[in-house]
Amino acid sequence: MTSIAKALAIWLVILICAVANGALREGVLIPHLGKAPGLILSGVLLSALILVITYLALPWLVAPRPAQLIGLGVFWLALTLVFELSLGRFQSKSWTTILEAYTFKDGNIWPVVLLVTTAAPYIAARLRGLLA
């Protein structure tokens, strides 16, 4: 399996976890905690899931150099942005509504999740001791 196919497979696992996290957020966290705390907890949970998945999958990827790790994170970021923006447009949401998710309004920490997504391969390699 090529490196790109492996990276895509891992991102798909992350995507599945993100969708499940969204269902948890909308069905449980926000109704029980309120909007801001629900959004914050959801963002923290998703960030942690991304880091754990990346940490566990990193040996399978075999991307030891920092440039490769950063490239992987940027690839995941691009996939995520294309998915999110396309899904929003498919749901007939306005650009204003879609882009509102990229602010910190009402406790939304989606920009932090995107940063974690981008940095996750590098962070996981550091935690595994693969980088000096």
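## A residue of helix 3

At 39% relative accessibility, Ala78 counts as partly exposed, because that class lies between the cut-offs of 20% and 50%. Ala78 belongs to helix 3. From Ala78 to Val62 the separation is 16 residues in sequence and 21 Å in space, taken from C-alpha to C-alpha. The model described in this report is a predicted one.

## The packing of helix 1 and helix 3

Helix 1, formed by residues 3-33, packs with helix 3, formed by residues 66-90. The angle between the two is about 50 degrees, and their axes are 10 Å apart. Helix 1 and helix 3 are therefore oblique to each other, and their crossing is right-handed.

On the side of helix 1, the contact is made by Ile4, Ala7, Leu8, Ile10, Trp11, Ile14 and Leu15. Helix 3 contributes Leu72, Phe75, Trp76, Leu79, Thr80 and Phe83. The residues of this contact comprise 12 nonpolar and 1 polar, with no charged residue.

## Two loop residues with positive phi

Ser92 is situated in the loop between helix 3 and helix 4, the latter spanning residues 95-100. Although Ser92 is not a glycine, its phi is positive, at about 60 degrees. With a relative accessibility of 65%, Ser92 counts as exposed, because the cut-off for that class is over 50%.

Asp106 is placed in the loop between helix 4 and helix 5, where helix 5 covers residues 110-127. Asp106, a residue other than glycine, has a positive phi near 60 degrees. Its relative accessible area is 39%, so Asp106 is partly exposed.

Note on methods: Residues are numbered from 1 along each chain as its sequence is written. This is a predicted model: local features need pLDDT of at least 70, side-chain atom pairs count only at pLDDT 80 or more; totals for chains, interfaces and linings use all residues. Side-chain values use heavy atoms; hydrogens and water are left out. Axes are lines fitted to C-alpha atoms, for helices over the stretch in contact, and angles run from 0 to 180 degrees between N-to-C directions. Helices (H or I, at least four residues) and strands (E, at least two) are DSSP runs, numbered from the N terminus. Angles under 35 degrees count as roughly parallel, over 145 as roughly antiparallel, 65 to 115 as roughly perpendicular and the rest as oblique. A crossing is left-handed if the near helix is turned anticlockwise from the far one by less than a right angle, and right-handed if clockwise. Contact means heavy atoms within 4.5 Å. Ala, Val, Leu, Ile, Met, Phe, Trp, Tyr, Cys and Pro count as nonpolar, Asp, Glu, Lys and Arg as charged, and the others, Gly among them, as polar. Buried means under 20% relative accessible area, exposed over 50%, partly exposed in between (1.4 Å probe, protein chains only).
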